[in-house]
Amino acid sequence: MARTLGYRPGGILSLAALIEQYPRAVERDLIDRGLRLRQLGTEALTWCDFRAIFADPHPDMAVTRAMRPDEWQWGLPEQLLASAVDALTLLVWAKTKDAQKGRNRPKPIPRPGIAKPERIGDAMPIEELNALIGWEV
């Protein structure tokens, strides 16, 4: 549960934090199972049952949508489809004059949760790099 929900493992406190932060989503997921949040702590819905429901939420659960509004729809099929489109776009581009001159390379489809790489600093001259790692030319 700690990895999926982002809360500390074990204990009622981490489950209570989930309820506090996403009350509507939790209630919705329980209603989908014929349960109610007001039943929590009773035999109808024990804390262990509650933990089992929310320990590993699947992508179409309301809690997942609430926690990751931009990412929840991007499962493996969507990632693979975006990769295939990117590969085809590059293949088409590779046959152009722009590709021969190394310009106007197509940008990949943006994926949620994956930040664009930032440029850090400037390139080091090869002579300086060789001196730094001790290579003699």
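**Buried, exposed and aromatic residues**

Trainee: Is Asp86 buried or exposed?

Mentor: Its relative accessibility is 14%. Buried means under 20% relative accessible area, exposed over 50% and partly exposed in between, with a 1.4 Å probe and protein chains only. Asp86 therefore counts as buried.

Trainee: What kind of model is this?

Mentor: Residues are numbered from 1 along each chain as its sequence is written, and side-chain values use heavy atoms, leaving out hydrogens and water. Local features need pLDDT of at least 70, side-chain atom pairs count only at pLDDT 80 or more, totals for chains, interfaces and linings use all residues, and the model is predicted.

Trainee: Which residues is Asp86 in contact with, leaving aside neighbours within four places in sequence?

Mentor: Asp86 lies in helix 6, residues 76–94 (helices are DSSP runs of H or I, at least four residues, numbered from the N terminus). Contact means heavy atoms within 4.5 Å. Its partners are Pro108, Ile109 and Arg111.

Trainee: Is Glu20 buried or exposed?

Mentor: Glu20 sits in helix 2, residues 12–21. Because its relative accessibility is 69%, Glu20 counts as exposed.

Trainee: How many aromatic pairs does a search of the whole structure find?

Mentor: Rings of Phe, Tyr and Trp (its six-membered ring) pair if their centres lie within 6.5 Å; planes under 30 degrees apart are stacked, over 60 edge-to-face, the rest tilted. The search finds 2.

Trainee: Which residues form one aromatic cluster?

Mentor: Trp47 and Phe50 pair edge-to-face, 6.1 Å centre to centre with 75 degrees between the planes. They are 3 residues apart in helix 4, so about one helical turn separates them. Phe50 and Phe54 have ring centres 4.8 Å apart and planes at 45 degrees, so that pair is tilted. The cluster is Trp47, Phe50 and Phe54.

Notes. Helices (H or I, at least four residues) and strands (E, at least two) are DSSP runs, numbered from the N terminus.
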